[in-house]
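Some terms for parts of a protein rest on a cut-off. The questions below set a few of them against a structure.

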Amino acid sequence: MLNIKNVDFITSAASPSGFISDGVQIAVAGRSNVGKSSFINMLVNRKNTARVSGTPGRTRLINYFGVETSLGNFILTDLPGYGFAKVSKEEKAGWGRLIESYFEAEPNVTVFVLVDVRHTPTADDKKLIEYLYYRATPFYIAANKSDKQSRSANIKSKREIAAFLKVGSDNIVLVSCADRSGREEVLDIIGGILTDGAE
Ligand SMILES: Nc1nc2c(ncn2[C@@H]2O[C@H](COP(=O)(O)OP(=O)(O)OP(=O)(O)O)[C@@H](O)[C@H]2O)c(=O)[nH]1
Ligand SMILES: [Mg+2]
């Protein structure tokens, strides 16, 4: 069982010169407003480690957090959200370049791609997942905001999202950052990654 011992904000990066790479990295990706920062706060048991925005599209930087756990340390990375309607073409292209250079620079990353459990994933979600397949970067889908619909609707949605994104049922987790469900399952996955790396 993985226990979180300590969390520290490390740094933000706006370009590859600011990237850091040290041991295991767990990155959180997904469209703007899907709950990436909330997911990080939920995992590390803090209210305000990663800033939660009322205004979507605000986290434009890559934010790194250092996490100490009972099973070893890792870096938890909040990636900037995509798909925010109000950003310009240039900004979208900038996001794409930043993310691509991030994945090119970081060899030891596992990604949690957050989607909203209530909706079919977007074309941008699909593009990111195809990119991760192409790079052979390990990833999981976290279907968030499960507090917003019934248990049976969640089970149905989870199946539909897995089929739509062509991921196995072991690679998709139902979560809610509001009621903290799914947290243990995510921590178990991270614990597995940390102990694998130690062998
Ligand atoms: N009901 C509910 N609300 C959630 C959940 N997760 C996040 N939210 C809310 O969704 C909004 C966006 O959350 P953030 O964590 O800021 O989302 P983000 O993906 O970091 O957004 P950007 O940084 O702008 O890309 C906030 O109002 C959160 O309180 C959840 O599981 N359930
Ligand atoms: Mg955020």
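Q: What makes two strands a pair?
A: Two strands pair if DSSP finds at least two bridges between them. In this predicted model, seven bridges join β3 (residues 62–69) to β4 (residues 72–78). Seven meets the cut-off of at least two, so β3 and β4 are a pair. The two strands run antiparallel. One of the bridges links Gly-66 to Ile-75 in β4.

Q: Why are β1 and β7 called edge strands?
A: The sheet is open and has seven strands, in the order β1-β3-β4-β2-β5-β6-β7, with mixed pairing. β1 (4–13) and β7 (172–174) each pair on one side only. Neighbouring strands in the sheet are turned by 25° against each other on average, direction ignored.

Q: How do you know that the span of helix α3 agrees with its number of residues?
A: Helix α3 (residues 123–135) has 13 residues, which at 1.5 Å a residue should span 18 Å. Its end C-alpha atoms are 18 Å apart, so the two values agree.

Q: Why can the buried residues of α3 be said to line one face?
A: Asp-125, Leu-128 and Ile-129 are buried in α3. Seen down the helix axis, the buried residues fall within an arc of 95°, so they line one face. An α-helix has 3.6 residues a turn, so residues three or four places apart point the same way. On the other side of α3, Ala-123, Glu-130 and Tyr-134 are exposed.

Q: What covers the buried residues of α3?
A: The cover includes β2 (25–30), β5 and α4 (151–165).

Notes
Residues numbered from 1 in each chain as written. Chains lettered and ligands numbered in written order. Predicted model: local features only at pLDDT ≥ 70, side-chain atom pairs only at ≥ 80, totals over all residues. Helix = DSSP H or I, 4+ residues; strand = E, 2+ residues; numbered from the N terminus. Axes fitted to C-alpha atoms, helices over the stretch in contact; angles between N-to-C directions. Expected span 1.5 Å × (residues − 1). Buried ≥ 20, exposed ≤ 12 C-beta atoms within 10 Å, placed from the backbone. Arc of directions from axis to C-beta. Contact = placed C-beta atoms within 7 Å.
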